[in-house]
Amino acid sequence: MYQDVLKKDGEKCARCGGTIKGYGHNGSPLINGRVCDKCNVDVVAFRMHMINIKEALKDWEEKNR
Ligand SMILES: [Zn+2]
């Protein structure tokens, strides 16, 4: 596990191309690959956005049944 972290250190961010410090973050579903701390903020925001869309769709379907 520790070796895994070492291997990942210095990897390039799949979104901004910057060097990822530490293990990085899973960019899915916004980006296919690993992203840095900074880009992960957008990934998290995108995930929240997707959840909101799903909730809105569910609401709409219930109202228009
Ligand atoms: Zn980045």
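Visitor: What share of the chain's contacts with a separation of 6 or more comes from residues 24 or more positions apart?
Guide: Such residues account for 4% of those contacts. Two residues are in contact if their C-beta atoms, placed from the backbone, lie within 7 Å. Please keep in mind that this is a predicted model, where local features need pLDDT of at least 70, side-chain atom pairs count only at pLDDT 80 or more, and totals for chains, interfaces and linings use all residues. Residues are numbered from 1 along each chain as its sequence is written.

Visitor: OK, and what is the mean pLDDT of the chain?
Guide: The mean is 89, and 86% of the residues reach 70 or more. pLDDT is the predictor's confidence in each residue, from 0 to 100.

Visitor: Which element has the lowest mean pLDDT?
Guide: That is helix 1 (residues 2–8), with 52, whereas helix 2 (residues 37–63) has the highest, 97. Where pLDDT is low, the predicted coordinates should not be read in detail.

Visitor: What pattern does the chain follow along the sequence?
Guide: The pattern is α-β-β-α, with 2 helices and 2 strands. Both come from DSSP runs, numbered from the N terminus: helices are H or I with at least four residues, strands E with at least two.

Visitor: Back to helix 2, how far apart are its end C-alpha atoms?
Guide: They are 39 Å apart, which agrees with the 39 Å that 27 residues should span at 1.5 Å a residue. The expected span is 1.5 Å times one less than the number of residues.

Visitor: Does helix 2 lie largely in the open or largely buried?
Guide: Helix 2 lies largely in the open, because 2 of its 27 residues are buried. A residue is buried if 20 or more other C-beta atoms lie within 10 Å of its own, exposed if 12 or fewer, and partly exposed in between, with C-beta atoms placed from the backbone. Val 41 has its place in helix 2, and with 12 C-beta neighbours inside 10 Å it counts as exposed.

Visitor: Which residues make up the largest nonpolar core?
Guide: Cys 13, Ile 20, Val 35, Cys 36 and Cys 39 do, 5 residues in all. A nonpolar core is a set of buried Ala, Val, Leu, Ile, Met, Phe, Trp, Tyr and Cys residues joined through C-beta atoms within 7 Å. Leaving aside residues up to four places away in sequence, Cys 39 touches Cys 13, Arg 15 and Cys 16.

Visitor: New topic: where is the cis peptide bond?
Guide: The bond joins Ser 28 and Pro 29, with omega about 5 degrees. Pro 29 is found in the loop between strand 1 (25–26) and strand 2 (34–35).
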